[in-house]
Amino acid sequence: MAETSKHAVLHLANIRKSYGSGEIASEILHGINLHLQRGEFAALIGPSGSGKSTLLNLIGLLDRPTAGQLRIDDEDTGQLDDTGLTRLRGQRIGFVFQHHHLIPAFTAEENVAMPMLIAQGHPNAAMFERSRLLLDQVGLSERKHHLANQLSGGQQQRVAIARALVMNPSLVLADEPTGNLDTHSADEVFKLLRAVNRQQHTTFLIVTHDPRLAARCDRIIELVDGRIIADRAHPAE
Amino acid sequence: MKSWQPFEWIAAVRFLREGRMQSLLIVIGVGVGVAVIVFMSALLSGLQANLIKRTLSSQAHISLLPPEEIARPQQATEHTALHLQKQAQRLRTIDQWQTLRTRLESWPEIAAVSPVASGPAFAVRGDANKAVTLVGIEPDRYNRVITLAERLTAGQLRVGAGEAVIGIELAKDLGAEVGDKLRLTTADGRSDTLIVTGLFDLGNKGVNARNVYIGLRTAQSLLDLVGGVSSIDLALHDLDLAENIARRINSETGLTADSWIKTNAQFVTALTSQRVSSNVIRFFIALSVAFGIASVLVVSVIQRSKEIGILRAMGATQTQMRRIFLLQGGIVGFFGSLLGSLLAWSFLMLWQLLARNADGSPMFVIGVEPALVAIAATGASLVGILAALLPARRAAKLDPVVAIRG
């Protein structure tokens, strides 16, 4: 994984993040270097407090690093203002959160179409067509008119995955995507992520506590105390 | 979702619909505020229009009088001690009044022009003897300035030779009725006997006791003003312009022009301060409505912080988030104003039903004008948007990382 192709989806160079300033400043991340190529399916593991969430927020452009370079699809994000970061995030990055995070006032179909609606400003038939196609892929075409809270936890997570894919993102960030699900639903959700990765070569970075889940990924990145202490390729299952 | 609706609008409407109870309560709150404002405005303008109408029932909008006669010293040098005695004002005629009448009638602001020959006299009938004001008029013209014909309680408005119309108070004092004779005598001894053809009630006791309407020619000969008039009364289309037009006439003709605004300065001041105090009340109601909207939206921003975070993560910009909450404020204001206008209309109907004169006729007629509803709707929507500024800013500035973590 040492090769740094110029078509890297994600390129982190010496990323540092600290909170506070002056004497009370505390550094959470101490110079992270990381590259993700197109089509990779990687797990980010590490104990609580190791900086996983902080790193994920930086990669997801929800937060800015204190120092270092962060490139998404070869675009340097340090030069962008808030609106620029937001646009890039909307177009290139899909999020799957632990707690599903659908918007309850909207139906499954509308939730999936939401990133397109936000980007284009007005609804149109094409975005709902795409939304229905993705719901079909995650096996929820019959539930498309249900409101978010009328769906089970596993179903909500599948809707969230469809939503994360709707913009054809370069990178999908999943934060404990199966953390809140029973074993059966968790397995289904994982298989779905894996299938999307295989079929569409979408890059995935999955944060997890679950060693069995990590073991099913192609690459395992281990973060301890704000440093990457291990980064190993893992034979595909 | 309709394709013409922008994302921000769709989200604003969905958020309001989802927070059903909260939205309903604040719309009702805005509605009550708007209802009070609309009701107060309608009541006040109805009341004031009625007061002005009553005040002007026996007054012209503008009265033109000959310029004051001023005593000028024949010699005045720095070294002479000078004491000028003010001159007594004679009853005089307005120069060239026919020409002036024609000229004023061509002004678009002026609705009617009525020349009047007016002066003091005594009305005598049997043993009764009353000081009166003779008012010589051309009835058709005069009626367009002061609606005398409508105010008759008996007889008709007929002031030909030997005919007079008197007020109900004077009629009572003299014990006269329609058809009775009346002797009018002026200070210099001219006198005439006239038949009472009508009795009027202009709603003002002084005027009812004093004014005796007679033909212009009769008045001219009784007052020794042959061919002349002592004043010209004007009616305007727009009452509020009276002072401006009076000044313009004064500067163009040199005549003294008294507008009703100047003649009733205290009354006008009272009306103005009434309007000012109602504006103050309206302002504070609008302010409390704004705070109501703002507090509901602030709570809504906190309740929805997770959703705001998700929308931000999915690419919604700060501007988009701000607009969603500004729109919610505007929508709440708009629907509140519709509800408020409906409430105000019901209040007014009830008021018309309850507030009646002794004879059962409505005290005065008021209604909700469509323009007032339109102003209320626009105003309330704007107030809603203004009230949403702070909550919308909070929503936009929310850190998505913190918001999502919840």
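## Starting with burial

A residue counts as buried if 20 or more other C-beta atoms lie within 10 Å of its own. With that in hand, welcome to this predicted model.

Which residues cover the two faces of strand 8 of chain A? On one side sit A:T203, A:L205 and A:V207, and on the other A:F204 and A:I206, and these are all buried.

## The sheet of chain A

Now step back to the sheet around that strand. Six strands of chain A line up in the order 6-7-8-3-9-10, forming an open sheet with mixed pairing. At its edges are strand 6 and strand 10 (227-233) of chain A, each of which pairs on one side only. From one strand to the next, the twist averages 20 degrees.

Strand 8 of chain A has partners on both sides of this order. Strand 7 of chain A is joined to strand 8 (residues 203-207) by five bridges, and the two run parallel. Here A:V172 has A:F204 as its bridge partner, while A:L171 stands opposite A:T203. Strand 3 (residues 41-45) of chain A also runs parallel to strand 8, with four bridges between them. Look for A:F204 once again: A:F204 is the bridge partner of A:F41.

## The edge at strand 6

Moving along to an edge of the sheet, we reach strand 6 of chain A. This strand is linked to strand 7 (residues 171-175) of chain A by four bridges, in a parallel arrangement. One of the pairs to look for is A:V96 with its bridge partner A:A174.

Are the faces of strand 6 (residues 93-96) of chain A covered or exposed? Both are covered, with A:I93 and A:F95 buried on one side and A:G94 and A:V96 buried on the other. Helix 5 (residues 153-165) of chain A lies across strand 6 and strand 7, and runs at about 170 degrees to strand 6.

## Where the chains touch

Next comes the contact between the two chains. How many residues of chain A are in contact with chain B? There are 27 of them, and they meet 22 residues of chain B. On the chain A side, the elements giving two or more residues are helix 2 (82-92) and helix 3 (108-120). Helix 2 of chain A gives the most, with seven residues. Sorted by class, this side of chain A has 13 nonpolar, ten polar and four charged residues.

## Two helices in chain B

Finally, turn to a pair of helices within chain B. Helix 10 (residues 265-303) and helix 13 (residues 370-387) of chain B pack with their axes 8 Å apart, at an angle of about 50 degrees. Because of that angle, helix 10 of chain B is oblique to helix 13 of chain B. Their crossing is right-handed.

Which residues meet between these helices of chain B? Helix 10 brings B:A286, B:V289, B:A290, B:I293 and B:A294, and helix 13 brings B:V383, B:G384, B:L386 and B:A387. By class, the contact between helix 10 and helix 13 of chain B has eight nonpolar residues, one polar residue and no charged residues.

Notes:
Residues are numbered from 1 along each chain as its sequence is written. Chains are lettered from A and ligands numbered from 1 in the order in which they are written. This is a predicted model: local features need pLDDT of at least 70, side-chain atom pairs count only at pLDDT 80 or more; totals for chains, interfaces and linings use all residues. Axes are lines fitted to C-alpha atoms, for helices over the stretch in contact, and angles run from 0 to 180 degrees between N-to-C directions. Angles under 35 degrees count as roughly parallel, over 145 as roughly antiparallel, 65 to 115 as roughly perpendicular and the rest as oblique. A crossing is left-handed if the near helix is turned anticlockwise from the far one by less than a right angle, and right-handed if clockwise. Two residues are in contact if their C-beta atoms, placed from the backbone, lie within 7 Å. Ala, Val, Leu, Ile, Met, Phe, Trp, Tyr, Cys and Pro count as nonpolar, Asp, Glu, Lys and Arg as charged, and the others, Gly among them, as polar. A residue is buried if 20 or more other C-beta atoms lie within 10 Å of its own, exposed if 12 or fewer, and partly exposed in between; C-beta atoms are placed from the backbone. Two strands pair if DSSP finds at least two bridges between them.
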